[in-house]
Amino acid sequence: MRSGLLDRHIAFLEALRGAGLSVSLAEDLDAIAALTAVDWSERGTIHDAYAATLVKKHAQRPTFDTLFDLYFPRLVGEGATSLGDEAGEDADDETVRDNAQALADFRAELLEAMVAGDEETLARLAVEAVARFGAMPGRGPGLSSWSAYTALQRVSPADLTEQIVAALLAEGRVDGEAQRSAGRRVGGFTRRVEDDARRRIAEEKGPDHVANVAVRPTIDRLDFMAARRSDVEEMRREIYPLARRLATRLTQEHHARRRGPLDFRRTVRASISTGGVPLVTHHKPKRPHRTELVVLCDVSGSVANFAQFTLLLVFALRDQFQKVRAFTFIDHVHEVTEHFRPGADVADVMADLAASTSHAALWGRTNYGRAFTKFQENHADAVGPKSSLLILGDARSNYSDLALDVLRDLAGAARHSWWLNPEHTRHWDTGDSAATAYGDVVPMVECRNLTQLGEFVHDIL
């Protein structure tokens with residue numbers, strides 16, 4: 001590779017590592033070897049060579065694609081043909097770039113391309129949308145001159161959904177299929193606009209800047225509390241593969257540790273046949289121990305997704321426990337163990353959990369002290385010397401009584417106790433957070449994403 005390409009290659013790999021992809025030196029060398037063997041005239045070939053050597057999991061692919069587009073963009077500026085040339089006007093003429101007629105003409109062409117599913121035209125229109133409607137010239141130092149949000153607000157592709165559905169129904173599509181197809185096409189165009197805005201900002205400020213501030217991490221490292229609806233769907237799909245990997249790893253480790261303490265008597269007896277030299281040692285059988293697990297989850301507001309994903313993972317691993325019981329709360333406690341039936345569909349479980357939230361609230365405001373008190377009053381038999389207590393929540397109790405003595409009694413009755421907090425540690429003890437106060441009673445662990453969640457579950461088992 002020439003020095004400029006080598007620098008770009010190294011920067012690209014560093015961005016991948018920063019976003020959560022584990023790229024080793026061996027994989028770096030594999031990528032270089034692959035790139036020296038392919039034709040550099042086709043960008044798609046370069047993309048596939050990098051993906052084949054660097055991407056290990058499907059969940060990492062969206063982040064990889066985004067970063068590849070930043071470091072190896074398919075266009076520079078507005079491409080080979082400028083907007084001004086297409087319009088037959090000076091490209092700096094704002095009345096040509098964005099006025100009522102220009103917007104109407106653009107939306108008409110966009111609708112036609114979406115109905116036809118014309119990917120080439122949609123790619124061109126995404127670039128044009130940012131150029132026409134997303135430009136923000138004259139902004140202050142440090143601010144970008146391009147905005148996908150501004151372009152999308154102006155074009156409003158979602159407002160075309162009904163017209164796309166109507167056109168697809170006229171072609172003979174059934175209603176449900178037409179709705180889903182229209183949603184996918186609008187979503188695809190939206191992502192194209194966001195990608196082009198990132199590309200233009202990377203030209204202004206450099207790809208490293210955009211990679212650091214504007215690229216979302218891989219789904220397994222995305223914060224639960226920052227997840228969008230589409231991210232939540234992807235996280236759901238990751239839960240059971242994560243559970244299978246954890247179960248396999250735990251089984252292997254348990255087999256490796258299955259030998260108990262040395263059986264001195266059997267070892268000495270066996271050594272008689274070898275002249276008193278203990279060539280083979282014998283061990284007492286190790287008594288298997290599987291704990292009972294009691295999970296107490298805050299399901300209020302933004303922590304609800306975190307609690308639900310943790311519950312799903314725990315129940316996917318329920319064979320690793322002797323018994324599992326789960327309770328949700330906001331200011332009142334409700335048992336949800338029955339929702340996790342063997343073989344139950346994940347979507348049904350999530351829907352049941354969402355519905356159970358209403359039973360976990362009497363006053364509608366998170367109150368940890370009240371929840372702990374009610375749990376002790378109504379479900380004290382759930383916690384005992386054979387059980388471990390796992391609490392899920394952000395420890396924000398709206399300045400109410402914390403009931404620390406009640407929690408201390410519950411933790412004292414359990415074999416082990418842990419608290420998973422989905423907030424970054426820098427936010428603990430800010431506002432109404434009582435993280436330190438509760439952490440003095442029950443060890444509190446930061447758990448912001450699927451990777452940290454998987455590591456925690458592995459450690460406690």
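Is V268 buried, partly exposed or exposed? With a relative accessibility of 39%, V268 counts as partly exposed, because the partly exposed class lies between the limit for buried, under 20%, and the limit for exposed, over 50%. The structure in which this residue sits is a predicted model. V268 belongs to helix 14, which covers residues 264–271. Together with L262 and F264, V268 makes a nonpolar surface patch of about 300 Å².

The secondary structure comprises 20 helices and 8 strands. The protein has 461 residues, and 46% of them count as buried. Its accessible surface amounts to about 23,700 Å², and carbon and sulfur atoms contribute 51% of that area. Among the contacts in the protein with a separation of 6 or more, 71% are between residues 24 or more positions apart.

A243 is buried, because its relative accessible area is 4% and the class of buried residues takes in values under 20%. Which residues does A243 contact when its neighbours within four places in sequence are left aside? They are L313, A316 and L317.

The strands come next. Strand 3, made of residues 292–298, is mostly covered, since 6 of its 7 residues are buried. Strand 3 is joined by 7 bridges to strand 4, residues 323–329, and the two run parallel. Within this pairing, L296 has F327 in strand 4 as its bridge partner. Strand 3 is also joined to strand 6 by 6 bridges, again in a parallel arrangement. There, the bridge partner of C297 is L392 in strand 6.

N398 has a positive phi of about 55 degrees, although it is not a glycine. Y399, also a residue other than glycine, has a positive phi near 60 degrees.

Helix 18 itself, residues 404–413, has four buried residues, namely V406, L407, L410 and A411. These residues lie on the same side of helix 18, because they cover an arc of only 130 degrees around the axis. The face turned away from this buried side carries the exposed residues D405 and G412. What covers the buried residues of helix 18? The cover includes helix 17, strand 6 (387–392), strand 7 (416–421) and helix 19 (435–439).

Helix 17, one of the elements in that cover, spans residues 368–379 and contains R370. R370 is partly exposed, because its relative accessible area is 26%. The C-alpha atoms of R370 and V406 are separated by 9.8 Å, and the two residues are 36 residues apart along the chain. V406 is one of the buried residues of helix 18.

The buried residues of helix 10, residues 161–170, are I164, V165 and L168. Seen down the axis, they fall within an arc of 100 degrees, so they line one face of helix 10. On the other side of this helix, E162 and A170 are exposed. The cover over the buried residues of helix 10 includes helix 7 (100–116) and helix 11 (175–205). After helix 10 comes G172, which has a positive phi, near 105 degrees.

Technical notes:
Residues numbered from 1 in each chain as written. Predicted model: local features only at pLDDT ≥ 70, side-chain atom pairs only at ≥ 80, totals over all residues. Heavy atoms only, no water. Buried < 20%, exposed > 50% of the residue type's maximum accessible area, 1.4 Å probe, protein only. Patch = residues over 30% accessible without salt bridge, like charges linked within 9 Å, V, L, I, M, F, W, Y side chains within 5 Å. Areas by Shrake-Rupley, 256 points an atom, 1.4 Å probe, with all protein chains shown as cover. Salt bridge = Lys/Arg side-chain N within 4 Å of Asp/Glu carboxyl O. Arc of directions from axis to C-beta. Contact = heavy atoms within 4.5 Å. Pairing = 2+ DSSP bridges.
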